[in-house]
Amino acid sequence: MDNRRKTTSLLMVCLFLSFALGTAIPAVAEENGAEGINYKVSISKDTTTTSVHTKDGQLIYEGNNDVEAIEAAVNAVDEGIILFNSGTYAISSPIELKSNIELVGNDAVLKGYSIFNISNATNVTIRGFEFSDPDEAYLPVVGDVGLIKFENSNNCLIEGNKFTNFRSYGVYLDVTSPSYHNEDITIKNNEFLDFGYCGVMIGKQSSNVYVEENLFKDINTRKINVNSYGVAVAKGDSSYSYSEFIYIRSNTVENNPVWEGIDSHGSSNLFIEDNTITDCKIPIAVSHSTSDDSYSETLHDVTITGNQIQGYTNGQKQDSGIYVIGGHGGVVLKPITNVKIADNTIRDVNNWLISDDGAIVLQSVDGATVENNDINGVGGTGINLENADNVVVKGNSVASMKPISGATQGLEIISCGSNLAFENNNFDGTVEVPGI
């Protein structure tokens, strides 16, 4: 009888331990992971140690070097999700990513000047992180450094991240060889906050790039860089093709007191649509600029539609609203062709320029439609055409103009050629010289 009681007691202890251990293992997995994410490998960090585990609990790395830990995680996965659990990870050198992986942050902060390089890769996704430089406040821009940098890669997604306090580029699409291209890259629903130079830089030989529904805010407010941008497309030259099919849509850009909200120095098939741009010295600027003074290609098909532009009203210097400027160097070298500027709302731009001024400025353009734009509170000139041919200006409204020097002008025409058409534009009483 005593032996039977002892056996029963031992069985109960074993069952208790079995249940206890059985509940403990899932608890650890849940602590190291995020519910609903089917990850292959997870990275965790406490005050002293960074560890990497497979989903079934196998230890891959344990130590105090975050770069080594992340590299071990990347090397352990042929394809699938790498989960970064809560913590601040110090990235002292950039980590090379490979194809067919997804990096997911679960309250993870990554600090470094250059964090991820995506080179010769396809199907890479990065979502849910906070990225920043390691400094307390960003420093002046240095070289071609991006928190996330692409080269010769395609079919990638950067989504739902926060980029803050960085000095150079948040996301940078770069090429270092004429044989390299970046294609089918989407940068969506991210925040770029309080940075020094450029949120997204699209370099040469990029195509089918989508920059959509992002927030760019407080750009170079410390004024330590000469230029700064929310989104920019890089210059071309004689050795590289220009970027094409670039879509910059439905973004919000706020507070760039030094330079431009959205900029392109060299792209064909460029679409700048439905963005909201507030308190930027130059809201939108599209030009044909090169780094070697060569104009081997004609840029074409630029669409700027549906944007909401609000200039400074606090007395800070505010330039014109939308610029489209073809290649020129004293004379017209390569006009931009097939331009459409339509359905934009432009408020309170230009409070100091007396030339190259206007809510909309077209220079060195051949073939353009300027249509149904709502212009209010602009200084000096409503629409400015210089060295422009084959232009239709119709259905625009210009109201509440403010004098800068001399009479306010609804339309200014300088050295333009043939085939200029003006139809059904509306100028209120503040326009002293309609110009038509």
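In this predicted model, E102, R127 and E159 are linked in a network of salt bridges. A search of the whole structure finds nine salt bridges, and the count of aromatic pairs comes to 14.

**Salt bridges**

- D174 forms a salt bridge with K149, with 3.5 Å between the closest N and O atoms. Here too distant parts of the chain are linked: D174 lies in strand β13 (residues 169-174) and K149 in strand β10 (residues 146-151), 25 residues apart.
- D174 counts as buried because its relative accessibility is 8%, and the cut-off for buried is under 20%.
- R249 and E212 meet through their side chains in a salt bridge of 2.5 Å, N to O. The pair links distant parts of the chain, with R249 in strand β20 (residues 243-249) and E212 in strand β17 (residues 206-212), 37 residues apart.
- The two partners fall into separate accessibility classes: R249 is partly exposed, with a relative accessible area of 24%, whereas E212 counts as buried at 12% relative accessibility.

**Aromatic rings**

- A pair of aromatic rings is described by the distance of the centres and the angle of the planes.
- Among the 14 aromatic pairs is that of F84 and F129, whose ring centres are 4.9 Å apart. The planes of F84 and F129 stand at 80°, so the pair is edge-to-face; the cut-off for this class is over 60 degrees.
- F84 lies in strand β4 (residues 80-84) and F129 in strand β9 (residues 124-132), so the pair ties together parts that are 45 residues apart in sequence.
- Both F84 and F129 are buried.
- F84 and F129 also belong to one aromatic cluster, which is formed with Y89, F116, F131, F163, F192 and F216.

**Charges over rings**

Notes:
Residues numbered from 1 in each chain as written. Predicted model: local features only at pLDDT ≥ 70, side-chain atom pairs only at ≥ 80, totals over all residues. Heavy atoms only, no water. Phe/Tyr/Trp six-rings, centres within 6.5 Å; stacked < 30°, edge-to-face > 60°. Helix = DSSP H or I, 4+ residues; strand = E, 2+ residues; numbered from the N terminus. Buried < 20%, exposed > 50% of the residue type's maximum accessible area, 1.4 Å probe, protein only. Salt bridge = Lys/Arg side-chain N within 4 Å of Asp/Glu carboxyl O.
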